Amino acid sequence: MIKTVIEMPRVSQCEMVGCVYNSKKRCHAKAITVGDFLSPECDTYLPGSAHVTQVKTDAGVGACKVIGCEFNTDYECSPDEVQLGHQDGMVRCLSYQER
Ligand code: SF4
Ligand code: SF4
């Protein structure tokens, strides 16, 4: 396997314990994608009863499509960390700030 090491904003917490990438409110995907252009939803959310077994590292935000967020530059997220959770019946980035 050829590996790539990049710096990403850390997902410091996610309330979606029913997502397969979640363990104890921490996300353990390697990277998540946020947004559908307008709404900051977690595009990586996958509901299920099974869960990942690798829980040593937290996920990063690999890409964010929400250009209306003040933290978005070139379709990427810029803060050191973000939090995700329930909002308006969806799984959303709670760190979103309208530009
Ligand atoms: S951030 Fe997204 S992929 Fe990660 S646990 Fe939460 S809902 Fe799942
Ligand atoms: S803070 Fe803004 S730019 Fe970063 S993931 Fe959330 S919505 Fe996207």
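Reply: Start with the largest pocket. Its lining divides into four nonpolar, one polar and two charged residues. (Ala, Val, Leu, Ile, Met, Phe, Trp, Tyr, Cys and Pro count as nonpolar, Asp, Glu, Lys and Arg as charged, the others, Gly among them, as polar.) This is a predicted model: local features need pLDDT of at least 70, side-chain atom pairs pLDDT 80 or more, and totals for chains, interfaces and linings use all residues. Residues are numbered from 1 along each chain as written, chains are lettered from A and ligands numbered from 1 in written order, and side-chain values use heavy atoms, without hydrogens or water.

The residues that line the largest pocket are Met1, Ile2, Lys3, Thr4, Val5, Ile6 and Lys30. The volume of this pocket is about 200 Å³. (On a 1 Å grid over the protein atoms alone, a pocket is an open set of points with protein on both sides within 12 Å along at least five of seven lines; in a cavity a 1.4 Å probe fits but cannot get out; lining residues have an atom within 4 Å of a point. Points join across faces, edges and corners, and volume is the space filled by probe spheres on them.)

How many cavities of 30 Å³ or more does a search of the whole structure find? The search finds two.

Take the largest cavity. Its volume is about 100 Å³. Its lining has 14 residues. Cys64, Cys69, Cys77, Val82 and Cys93 lie nearest the centre. By class, this lining has eleven nonpolar, two polar and one charged residues. Two strands, E5 (60-64) and E7 (76-77), each supply at least two residues of the lining. (Helices, H or I with at least four residues, and strands, E with at least two, are DSSP runs numbered from the N terminus.)

What takes up this space? The largest cavity is the space taken by ligand 2. (A molecule sits in a cavity if more than half of its atoms lie within 2 Å of its grid points.) Around ligand 2 stand Val34, Pro40, Cys64, Cys69, Phe71, Asn72, Cys77, Val82, Cys93, Ser95 and Tyr96. (Such a residue has a heavy atom within 4 Å of the molecule.) This shell holds nine nonpolar and two polar residues, and no charged ones.

Next, the second largest cavity. About 90 Å³ of space lies in it. It has 13 lining residues. Nearest its centre lie Cys14, Cys19, Cys27, Ile32 and Cys42. The classes here are eleven nonpolar, two polar and no charged.

The second largest cavity is the space taken by ligand 1. Around ligand 1 are Cys14, Met16, Cys19, Tyr21, Asn22, Cys27, Ile32, Cys42, Thr44, Tyr45, Leu84 and Val91. Ten residues of this shell are nonpolar and two are polar, with no charged residue.

Now follow the strands behind these names. Val82 lines the largest cavity, nearest the centre with four others, and strand E8 covers residues 81-87. Strand E9 covers residues 90-93. E8 and E9 pair in the antiparallel sense, over four bridges. (Two strands pair if DSSP finds at least two bridges between them.) Leu84 stands opposite Cys93 in E9. Leu84 belongs to the shell of ligand 1, while Cys93 belongs to the shell of ligand 2. Gly85 stands opposite Arg92 in E9.

E8 and E9 form a hairpin with two residues between them. Asp88 sits in that turn, with a positive phi of about 55 degrees. Asp88 is not a glycine.

E8 has another partner. Strand E1 (residues 10-14) joins E8 through four bridges, and the two run parallel. Arg10 stands opposite Glu81 in E8. Cys14, in the lining of the second largest cavity, is also in the shell of ligand 1.

One loop also deserves a look. Tyr75 lies between strand E6 (72-73) and E7. Tyr75 is not a glycine, yet has a positive phi of about 65 degrees. Asn72, around ligand 2, falls within the range of E6.

Finally, step back to the whole chain. The protein chain has nine strands and zero helices. Its pattern along the sequence is β-β-β-β-β-β-β-β-β. The C-alpha trace spans about 35 × 35 × 20 Å along its principal axes.
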